[in-house]
Amino acid sequence: MTGPVPDSRPADAPGTDPFVRAHLLVTGGAGFIGSAYVRNVLARRDGTRITVLDKLTYAGNRANLEPLQADRELAGRFHFVQGDIAEPDDVDPLAAAADAVVNFAAESHVDRSIVDPEAFLRTGVIGVHVLLEAVRREALRAAAGDRERAPRLVQVSTDEVYGTVPDGLSSEADPLAPRSPYAAAKAAGELLVRSYAVTHGTDAVITRGSNTYGPFQHPEKLIPLFVTNALDDEPLPLYGDGLQERDWLHVDDHVGAVDHVLRHGLAGEVYNVPGDAQLPNREVVKRLLGRLGKPWSLVRTVEDRPGHDRRYAMDGSKIATLGWRNRVPFPAGLDATVDWYRANEAWWRAVRTGDWHAWYERQYAERLAGSAEA
Ligand code: NAD
Ligand code: DAU
């Protein structure tokens, strides 16, 4: 059981929010972060309606949206469409009926982008272009008086577009220096969004989130992979020396920030969304093993990720000027996440089936065969 959706924070006061009772098109809304956005926004019970467009790739999961079905009021404001953001026939009719498009759709795993990057480019570049064209067309209809107002596009991007950051904090004006095919596709998507904002005056905003964790995250990513492996007393494959640093952001904070930028961000602007815990991977693993009561001896040092970014860290002062701040402290967020995986074994066992085994073999078999004590 993944449980019902709890009520979330109230929306902004009436009068300050241009998207009260809006109809949102949420692309990629069956994935980890997109589904949290859908659950949390609908749980405000403020009349917002949401249509999800999701291709249901290996990472898309209808079970992530299942908690909505337990609540008739929430389910009544929610509609799901299976489709591809790179297909105008899928996107255009939905964009025509939307007040805003919030784009979470992407191939999101760096390791997969190293093995097979094509889908990353199709969704991250062609897909973003299809969304931009749809939004531009709707803006022209608004200008002609055929609809009330132009839809806003929120492009959900990542701190990985800055590349590795040896010291200090990345700020929004820093150059983009992506170093993996995943990050390059995300940077390309951002550049397209920026070009439409400048050239066509498209109402678009970009968020750059940091490493996100929480319930319903696909177990290919560090925290859920290590928690679920540890629950089965399987080895935990730590890349290289394990001293790479990430800044951990709870998923509820990430989606709160995306929604805040939708409602309050300035058109054409980019907003960093930092976490509240800059930590080396070793420390994260130590803490999750502590919560699980499992031994460090499960951790194995394995061959590093090619081109592995050593450190990400962002300055959050720009989004703070919009009135947003982190709310979930990492220690409490991590404990709750570990507990969620322990309590929702049926969810993650169902994900770790089918293609999962071929992926795991390809990614880890040789690495683990040559592994060492960590
Ligand atoms: P995810 O892989 O869990 O979910 C991606 C979703 O997009 C899936 O439901 C998938 O089916 C869908 N999708 C993929 N291609 C599609 C297409 N062509 N058309 C429609 N749907 C498609 O990813 P996530 O971790 O939830 O990340 C969501 C977004 O946030 C991504 O854009 C990612 O780049 C960004 N982001 C993620 C993190 C993180 O730590 N996970 C941090 C910063 C930014
Ligand atoms: O920084 C934001 C990004 O965070 C998002 O844009 C991506 O969509 C998201 O996947 C995430 O990317 P990372 O590559 O940082 O996440 P991942 O969970 O794959 O890895 C986190 C760290 O853990 C990284 O330093 C690599 C390391 N790692 C990961 C895996 C899967 C390991 O040591 N072993 C592993 O098996």
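Predicted model: local features only at pLDDT ≥ 70, side-chain atom pairs only at ≥ 80, totals over all residues.

Tutor: Residues are numbered from 1 along each chain as its sequence is written, chains are lettered from A and ligands numbered from 1 in the order written, and side-chain values use heavy atoms, leaving out hydrogens and water.

Student: Which residues touch the most other members of the largest nonpolar core?

Tutor: A nonpolar core is a set of buried Ala, Val, Leu, Ile, Met, Phe, Trp, Tyr and Cys residues joined through side-chain atoms within 4.5 Å. Buried means under 20% relative accessible area, exposed over 50%, and partly exposed in between, using a 1.4 Å probe and protein chains only. The largest core has 37 residues, and those touching the most other members are Leu24, Tyr37, Val38, Ile50 and Phe78.

Student: Which element gives the largest share of this core?

Tutor: Helices (H or I, at least four residues) and strands (E, at least two) are DSSP runs, numbered from the N terminus. Elements giving two or more residues include strand 1 (23-27), strand 2 (49-54) and helix 8 (251-264). The largest share is 7 residues, and it comes from helix 1.

Student: How many residues are in the second, separate core?

Tutor: Its members include Tyr213, Phe226, Ala230 and Leu298. The count for this second core is 34 residues.

Student: What share of the accessible area of ligand 1 does the protein cover?

Tutor: Take the polar contacts first (pairs of N or O atoms within 3.5 Å; within protein, one must be able to donate a hydrogen and the other to accept it, and residues adjacent in sequence count only if both atoms are side-chain atoms). A backbone N or O atom of Gly31 lies 3.0 Å from a ligand 1 oxygen, and a polar side-chain atom of Thr123 lies 3.0 Å from a ligand 1 nitrogen. Areas use the Shrake-Rupley method with a 1.4 Å probe; for residues, only the protein chains shown count as cover. Of the 830 Å² that ligand 1 has on its own, the protein covers 97%.

Student: Which element gives the most to the shell around ligand 1?

Tutor: 29 residues surround ligand 1, each with a heavy atom within 4 Å of it. Helix 1, strand 5 and helix 6 (181-200) each give two or more. With 3 residues, the top contributor is strand 5.

Student: How much of ligand 2 does the protein bury?

Tutor: A polar side-chain atom of Glu160 lies 2.8 Å from a ligand 2 oxygen. A side-chain N or O atom of Asn281 is 2.9 Å from an oxygen of ligand 2. Taken alone, ligand 2 exposes 690 Å², and the protein buries 95%.

Student: Is Trp356 buried or exposed?

Tutor: Trp356 sits in helix 13 (residues 355-369). Leaving aside neighbours within four places in sequence, Trp356 is in contact with His218, Pro219, Glu220, Leu225 and Val351. Its relative accessible area is 5%, so Trp356 is buried.

How values were computed:
Contact = heavy atoms within 4.5 Å.
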